[in-house]
Amino acid sequence: VEERMIRDFASQDNDLLLEDMFHAIRRQEIIVTQKNFEPFEFFDVDREFHRIWYKATNNEAIYDFFHFHPDYTRLRILDMRIGKDYEVLIQEHIEIARMIKKKDYDNIYNHILKHLMGCYNRTLEKEGIQPSGFLHF
């Protein structure tokens, strides 16, 4: 679903929305450099980053369904509390933004899949949990 939103978003050629996306990334970079930053602040900006595509393509209901699903939200919060790979997330966002700007449709799917599954894989790996059957949505 997210890949489709990104493709539709990229096809709009809206420089202001691209700037919103890059601004959200910059805010994440600033947040992680603050002493004793709160992970939920990063989480909120992460949601803003992803929501840009859905809002621009008039699909906010789909965003709300997935991103406010209890299992998905729980997993993302665990990733930010346990995984703490903020720099990885930021770098993935930068790469996604570059692909959108260049309309690199051939690579978007694999990269967004890696990004979305990253929180799942990082959290389970750090907790020593086997992935089978853990997440159902």
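This is a predicted model: local features need pLDDT of at least 70, side-chain atom pairs count only at pLDDT 80 or more; totals for chains, interfaces and linings use all residues.
## Aromatic pairs

The whole structure holds five aromatic pairs. One of them joins Phe-49 and Trp-53, with ring centres 5.1 Å apart. Their planes stand at 75 degrees. Planes over 60 degrees apart count as edge-to-face, so the Phe-49 and Trp-53 pair is edge-to-face.

Both residues sit in helix H3, which spans residues 39-56. They are four residues apart, so about one helical turn separates them. Buried means under 20% relative accessible area. Phe-49 has 0% relative accessibility and therefore counts as buried. Trp-53 also has 0%, so Trp-53 counts as buried.

## Aromatic cluster

Three residues make up one aromatic cluster. These are Phe-37, Phe-42 and Tyr-86.

## Helix H3 against helix H4

H3 also meets helix H4, which covers residues 60-67. The two axes come within 8 Å. They cross at roughly 145 degrees. The crossing of H3 and H4 is right-handed.

On the H3 side, the contact uses Arg-47, His-50, Arg-51, Tyr-54 and Lys-55. On the H4 side, it uses Glu-60, Ile-62, Tyr-63, Asp-64 and His-67. By type, the residues of this contact divide into five charged, three nonpolar and two polar.

How values were computed
Residues are numbered from 1 along each chain as its sequence is written. Side-chain values use heavy atoms; hydrogens and water are left out. Rings of Phe, Tyr and Trp (its six-membered ring) pair if their centres lie within 6.5 Å; planes under 30 degrees apart count as stacked, over 60 as edge-to-face and the rest as tilted. Helices (H or I, at least four residues) and strands (E, at least two) are DSSP runs, numbered from the N terminus. Buried means under 20% relative accessible area, exposed over 50%, partly exposed in between (1.4 Å probe, protein chains only). Axes are lines fitted to C-alpha atoms, for helices over the stretch in contact, and angles run from 0 to 180 degrees between N-to-C directions. A crossing is left-handed if the near helix is turned anticlockwise from the far one by less than a right angle, and right-handed if clockwise. Contact means heavy atoms within 4.5 Å. Ala, Val, Leu, Ile, Met, Phe, Trp, Tyr, Cys and Pro count as nonpolar, Asp, Glu, Lys and Arg as charged, and the others, Gly among them, as polar.
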